[in-house]
Amino acid sequence: MRHLMSPLDLSVDELNTLLDLASDIEKHPDKYAHVCDDKRLATLFYEPSTRTRLSFEAAMMNLGGKVLGFSSADSSSASKGESVADTIRVVSCYADICAMRHPKEGAPLVASMASSIPVINAGDGGHQHPTQTLTDLLTIRSLKGRLDNLTIGLCGDLKFGRTVHSLIEALVRYTNVKFILISPEELRIPSYIREDVLKKNNIEFQEVERLEDALPDLDILYMTRVQKERFFNEEDYVRMKDFYILDKQKMELAKKDMYILHPLPRVNEISTEVDADPRAAYFKQAQYGVYVRMALILTLLEVKLPC
Amino acid sequence: MRHLMSPLDLSVDELNTLLDLASDIEKHPDKYAHVCDDKRLATLFYEPSTRTRLSFEAAMMNLGGKVLGFSSADSSSASKGESVADTIRVVSCYADICAMRHPKEGAPLVASMASSIPVINAGDGGHQHPTQTLTDLLTIRSLKGRLDNLTIGLCGDLKFGRTVHSLIEALVRYTNVKFILISPEELRIPSYIREDVLKKNNIEFQEVERLEDALPDLDILYMTRVQKERFFNEEDYVRMKDFYILDKQKMELAKKDMYILHPLPRVNEISTEVDADPRAAYFKQAQYGVYVRMALILTLLEVKLPC
Amino acid sequence: MRHLMSPLDLSVDELNTLLDLASDIEKHPDKYAHVCDDKRLATLFYEPSTRTRLSFEAAMMNLGGKVLGFSSADSSSASKGESVADTIRVVSCYADICAMRHPKEGAPLVASMASSIPVINAGDGGHQHPTQTLTDLLTIRSLKGRLDNLTIGLCGDLKFGRTVHSLIEALVRYTNVKFILISPEELRIPSYIREDVLKKNNIEFQEVERLEDALPDLDILYMTRVQKERFFNEEDYVRMKDFYILDKQKMELAKKDMYILHPLPRVNEISTEVDADPRAAYFKQAQYGVYVRMALILTLLEVKLPC
């Protein structure tokens, strides 16, 4: 039985197979509409995250399956002092697969070790959020037709943004991917990514502060939100949150076939005037998130697929 | 694609068609039990409202469909600063139709403009609650056999009660409907309803303070709860909340075929001893609420109906 | 129409029939996978209890049915002052059967009297939690092959533990069941159980303080958690909560075919090193909880069963 804790749990081959399946689901949704009839997904969200939870629920429903769970820790047995290991053992009696979100790093891993059903890490603190990375990869591959030979701009909070770290780690496994890392000094990429991931793998990258300098070269621009909850003091947050605002004018600097991604929710870092631009792909990305979660559920449940 | 923001979005003809469909659903529920298989309803409740939410969920389930969503703003992305426009764009990837409750007037309208799926306003602050009005109309038509030639008593909080305002606006479109407006001085109907809706349309109405004076003439008595959350100070609320109590004794003044409606929840404005009276229709009304929401979902989704 | 308020609502014959059905469900789950298609369960949880709620939801889903409801009182109409009697009358329009958890003793009973659908008490304060007792009985019968001729040890909080009281009341109806009641002085079984249930029925029992003294004689050891919410002061709770800890060493005193049950969640009263012991049956018990709830739903809904 397999779990998904990190995007790197999947080899490049396995990942390609998964993305192929997701693309087939996109093209032929009816073919998959009942492959999980009588299967049940448990969504154990110890920390609220509507978007991720609903994406998992939609994915399971699109496969014909059912969903049960909780959307915040208040309504869980955690408040009675139960360990995640005990909770997952019990939930294993109720469901066939589980998506767990937890504020504590490593909690889904602990759960997976005690579980008799596949566990998907749906975000553990500032650590991993693998289905976001799978979403990002499917979006890039679907829009650009490839995951190699790309120049990727990552912009905003590169220090705390776990989706950015995971995406870099996933993309360095493809050939000729270059990164332009766009952030204010205070929110630069952590050194373990710079040294252990980028330099070690001889990946070409630049660090710049101005979005304008990077835009003309990019195939993909990955924008991120500066998240209040990652800062220790309000003052730092306020100073950083408006550092980047992508607007129509800046978009004139970008290539005609560059796509903008964003893990959402956005606050103000992408001006709404950009939404109508055909290069704005962040809402399409939400749709790809459903397809890739459908593919993931099918893969982990080892469902026999229709031909 | 159509949305439902206000009961007046539907012409009288469209409304009649909708109520006909709801009545057919009441008579032949099995015919409709699977017409929405593989359809998904999102219930986005930024403010808790169990009754309305469960009524929508039951409606979708009765049609064979599935439901996902959230029941309070805490567990939504709103707390991360996301706009309803962005939320609905994402939810459009997860569901086929959406019911939105929001404390802010106009929020569902803003959502509908960004949405690629039909949006139903499930209550926006003190503004509109169109499915309650549709429920009220279906209940009256089912019990009395008509929506014209009626004397309707509206009792309680006529100042803040949005269901009362909407019901008046909907009923003035039918011929020979008279109103008796029963309220304490402080909770009289707002002048825009008196002047712009009633007087302007030459609708016969009286304003009285004593329920007893109105009861003998009524075909329908629509009771309402004095809602604490509409008052700025506790003292006013306490003084007003027990102003009307409908009991067995008062019911002796009413016609044998007068029906009592109430949007529920009630607190004490209808004594429980009245529940056994065959004229007490407020729980039947909850059932009509499910039928009319089923009809509405089918209509907005443009589902091909069984003949 | 029948409700379930207390485990004693069922005669011994009815109980045996129910447990037989649950065992058949365990053996042939596919046979029951669609017997409740188009049936809806409402889970009305006025107090959070994830485990119990999810067990009911899983049970209904395993039968093909659908689930709606709420998981805490905040999101219910209770906050608007509605009575449970009114709530259940409305919910009767939305669902075919209801499981209600309420902090107030007797609330589900009040609901059942106003309801037009079967109501299952899913726990009312410190009073009753009948589906836990049914779970315990099914677990014992499944593991030991019988409900008579057993020596049952009950350990921990015997004063406030409602599951313990209910289990004793249910088991005294079978022949030759002996009890060993293991608790600190402060948490001894209440006198109404000692006098009115045990002595009155001439049931053999002992009260001991040391777990070690009881272990060698037991066929079943039922462990319980000392629940903070049952204590008036923190100090008493802290003193009591670590009184018993069942570990590997103590398990050496037990028979080879003694099983450990626990209603869960546990905190530290069973050391995790015991989990791997084949006699540890508390997670299996959670699975039996689903089967017995499936059987209960089928019984109360009077569903025509497949042969």
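In this predicted model, chain B and chain A together bury about 2,000 Å², of which 54% lies on carbon and sulfur atoms. On the chain B side, the residues that lose the most area to chain A are K66(B), K80(B) and Y94(B), which together make up 30% of what that side buries. The contact involves 26 residues of chain A and 19 residues of chain B.

**The interface of chain B and chain A**

The rule finds 10 residue pairs in polar contact across it, both residues being at pLDDT 80 or more. Two elements of chain B, β2 (66-70) and α3 (84-91), each supply at least two residues of the side that touches chain A. Of these, β2(B) provides the largest share of that side, with 5 residues. The rule also finds 3 salt bridges between chain B and chain A. In one salt bridge R51(A) is paired with E82(B), and the closest N and O atoms are 2.2 Å apart.

R51(A) sits in helix α2 (residues 50-62) of chain A. Its relative accessible area is 11%. Buried means under 20% relative accessible area, so R51(A) is classed as buried at 11%.

**The interface of chain C and chain A**

Chain A also meets chain C, where 26 residues of chain C are in contact with 19 residues of chain A. Chain C and chain A bury about 2,000 Å² between them, with 55% of it on carbon and sulfur atoms. The count of salt bridges between chain C and chain A is 3. One of them joins the side chains of D275(C) and R89(A), at 3.4 Å from N to O. In chain C, α2 (50-62) and α11 (282-300) each supply at least two residues of the side that touches chain A. The element that gives the most to that side is α2(C), with 9 residues.

The two chains are also related by symmetry. Chain C is superposed on chain A by a rotation of 120° with 0.1 Å of shift along its axis, at an RMSD of 0.0 Å. That is the relation of a three-fold axis. The C-alpha of chain C nearest the axis belongs to K66(C), 5.0 Å from it.

**Salt bridges within and between chains**

Over all chains the count comes to 57 salt bridges by this rule. A selection is given below.

| Salt bridge | N to O distance |
|---|---|
| R51(A) and E82(B) | 2.2 Å |
| D275(C) and R89(A) | 3.4 Å |
| R89(A) and D86(A) | 3.2 Å |
| E207(A) and R188(A) | 2.9 Å |
| R194(B) and E207(B) | 2.7 Å |

R89(A) takes part in a salt bridge with D275(C) and in another with D86(A). D86(A), R89(A), R266(C) and D275(C) are linked in a network of salt bridges. Within chain A, R89(A) and D86(A) are separated by about one helical turn, because they are 3 residues apart in helix α3 (residues 84-91). R89(A) is partly exposed, with a relative accessible area of 24%, whereas D86(A) is buried, at 2%.

The side chains of E207(A) and R188(A) also meet in a salt bridge. This pair links distant parts of chain A, 19 residues apart: E207(A) is in strand β7 (residues 205-208), and R188(A) is in the loop between β6 (177-182) and α7 (191-199). E207(A) is partly exposed at 28% relative accessible area, and R188(A) is partly exposed at 30%.

In chain B, R194(B) and E207(B) form a salt bridge. The pair links distant parts of the chain, 13 residues apart, with R194(B) in helix α7 (residues 191-199) and E207(B) in strand β7 (residues 205-208). R194(B) is buried, with a relative accessible area of 13%, while E207(B) is partly exposed, at 28%.

**Annotated positions in chain A**

According to an unreviewed UniProt entry, the annotation "binding site" covers R51(A), T52(A), R101(A), H129(A), Q132(A), L264(A) and P265(A). One of these, R51(A), is the residue that forms the salt bridge with E82(B).

H129(A) lies in the loop between β4 (119-124) and α5 (130-144) of chain A. H129(A) counts as buried, at 6% relative accessibility. Apart from neighbours within four places in sequence, H129(A) is in contact with T52(A), R101(A), A122(A), G123(A), R162(A) and R293(A).

Technical notes:
Residues are numbered from 1 along each chain as its sequence is written. Chains are lettered from A and ligands numbered from 1 in the order in which they are written. This is a predicted model: local features need pLDDT of at least 70, side-chain atom pairs count only at pLDDT 80 or more; totals for chains, interfaces and linings use all residues. Side-chain values use heavy atoms; hydrogens and water are left out. Copies are superposed by least squares on the C-alpha atoms of residues with pLDDT of at least 70 in both. UniProt positions are given in the numbering used here, feature names are shortened, and annotations may be inferred rather than shown by experiment. Helices (H or I, at least four residues) and strands (E, at least two) are DSSP runs, numbered from the N terminus. Buried means under 20% relative accessible area, exposed over 50%, partly exposed in between (1.4 Å probe, protein chains only). Contact means heavy atoms within 4.5 Å. Buried area is the accessible area (1.4 Å probe) that two parts lose on being put together, summed over both. A salt bridge is a side-chain nitrogen of Lys or Arg within 4 Å of a carboxyl oxygen of Asp or Glu. A polar contact is a pair of N or O atoms within 3.5 Å; within protein, one must be able to donate a hydrogen and the other to accept it, and residues adjacent in sequence count only if both atoms are side-chain atoms.
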